[in-house]
Amino acid sequence: MLSIEELIRKKRDGKELSDKEITAFIKAVSTETIQDCQTGAMLMAIWQKGMVSREIETLTREMMSSGEVMSWPEEWRRVMVDKHSTGGVGDKVSLVLAPALAACGCKVPMISGRGLDHTGGTLDKLESIPGYSVQQSGEKILEILGSVGCCIVGQTKELVPADRILYATRDATSTVDSLPLITGSIISKKGAESLAALILDVKFGQAALYKDLDGAKQLAELLVKAGNEVGIQTKAVLSNMDGTIGRCVGNSLEVIESLETMKGKGPDDLMELVTTMGGLLLEMTGLVSDLSEGTKRISEAVIGGAALSKFQAMMEAQGVSREDAASLCLAKTEYYKVLRKAQHQRELKASTEGVVVAIDGLVLAKVLQKLGAGRSKAGEPINHSVGAEVLVSLGQRVSKGVSWLRLHYEDPAPTSDQINQLQNALTIDTEKKPQTQQKHSLIKELILHN
């Protein structure tokens, strides 16, 4: 067996690593018998030279096996499902999708992450609900799945420890965007959940990791192939991430929009993502015969209140008081009796008359991050109340002076430069005719096989 130094040299020189060599590397990472600089050097070699399909599969399997692999009762195995998104602005899909799937008979052990840079994190959104605990033991997860059908939790220390170490090192060595490393990280965690089916939301556009459709498609195909190779039925959707998903961005505001969606008042783009991904998962598990029936079942669960009931039960099971959970789920409620409201609101006005043709989600998210809604380093505190509501729609004709954005902020207050950035995020065409009847689909393509 080659030494770690020799393994690094081999990959640096563009040669393929054997299965045994990859196993040795991941074992050294997991047991912390490798120097940090050696881990970083190997990641950079992988970033530069890449990996062939066999190497990626072995890397993923070894990472998956580096810690605890969850096990479930036999009768659940066919209906264990989850989803993963590569990150977006206003991406609250998980908050609606998990309870909707549970209402349709699935078991959803959703292991989610925190926000970093401009991308929001599902755990941060849920922690804006007082009492919600994202840290749950394996035994508690099993109990919640048995009683509720879904949970949304953070990664435990026992689950894929190799990924936790490699992820931090990738961030420090500028190797985050390596396709083999992204694939290993995502699929190893999902594999350790012992899933029957997985749906991936791979985003492209200004506010996504990949700016163009081709790059996102390459990643999606790699992820689908890797998922299927570790024994999980895996499919993907390619969705646009230029603007925002829904109208709200920011933790508390996104919880409110998710609850409104589960009360039958959700935005079309969010519902499209939820029903398509949920419908695919129902089809993959055999609970429905085709995608059309699956999307209909998920839509009925969301609009009819079954998903809301599951969300209420999940909140209670994960530490929210019964009174607060019930209050948030009332048909008509004052959300800010439970959730924190920012001390200040400010509405930005359209500078000219015309038709809204674009809203730059990346600019919006980056300003909100600076105002406290997000973090630039792991572990930094965030302000759950900071966020924004988009008050106009694509294709809508607006008059000069009409409010297009409501900003929620505390300390720091937005600077004049940040206000200018936000104003420039809105693009209005003064010549174009309004398209009020046109729906703007986010989903561009489905990856149904590898």
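At the start of helix H13, a side-chain oxygen of Asp 290 comes to within 3.3 Å of the backbone nitrogen of Ser 292. That is a polar contact (a pair of N or O atoms within 3.5 Å; within protein, one must be able to donate a hydrogen and the other to accept it, and residues adjacent in sequence count only if both atoms are side-chain atoms). This is a predicted model: local features need pLDDT of at least 70, side-chain atom pairs count only at pLDDT 80 or more, and totals for chains, interfaces and linings use all residues. Residues are numbered from 1 along each chain as its sequence is written, and side-chain values use heavy atoms, with hydrogens and water left out.

H13 covers residues 291–304. Helices (H or I, at least four residues) and strands (E, at least two) are DSSP runs, numbered from the N terminus. From first C-alpha to last, H13 reaches 19 Å, close to the 20 Å expected at 1.5 Å a residue; the expected span is 1.5 Å times one less than the number of residues.

Which residues of H13 are buried? They are Gly 294, Ile 298, Ala 301 and Val 302. Buried means under 20% relative accessible area, exposed over 50%, partly exposed in between (1.4 Å probe, protein chains only). Seen down the axis of H13, the buried residues fall within an arc of 95 degrees, so they line one face of the helix. The arc is that of the directions from the helix axis to the C-beta atoms. The face turned away from the buried side carries exposed Ser 292, Lys 296 and Gly 304. The buried residues pack against helices H5, H11, H12 and H14; contact means heavy atoms within 4.5 Å. Just after H13, Gly 305 takes a positive phi of about 100 degrees.

Now the core. The largest nonpolar core has 118 residues; Leu 101, Ile 129, Tyr 132, Leu 259, Phe 311 and Met 315 touch the most other members. Such a core is a set of buried Ala, Val, Leu, Ile, Met, Phe, Trp, Tyr and Cys residues joined through side-chain atoms within 4.5 Å. H12 gives the most to this core, with nine residues. A second, separate core of 21 residues includes Leu 179 and Ile 447.

Next, a sheet. Four strands form an open sheet in the order S6-S9-S11-S7, with antiparallel pairing. Strands pair if DSSP finds at least two bridges between them. S6 and S7 stand at the edges, each with a single partner strand, so one side of each is left without a neighbour in the sheet. Four bridges join S9 to S11.
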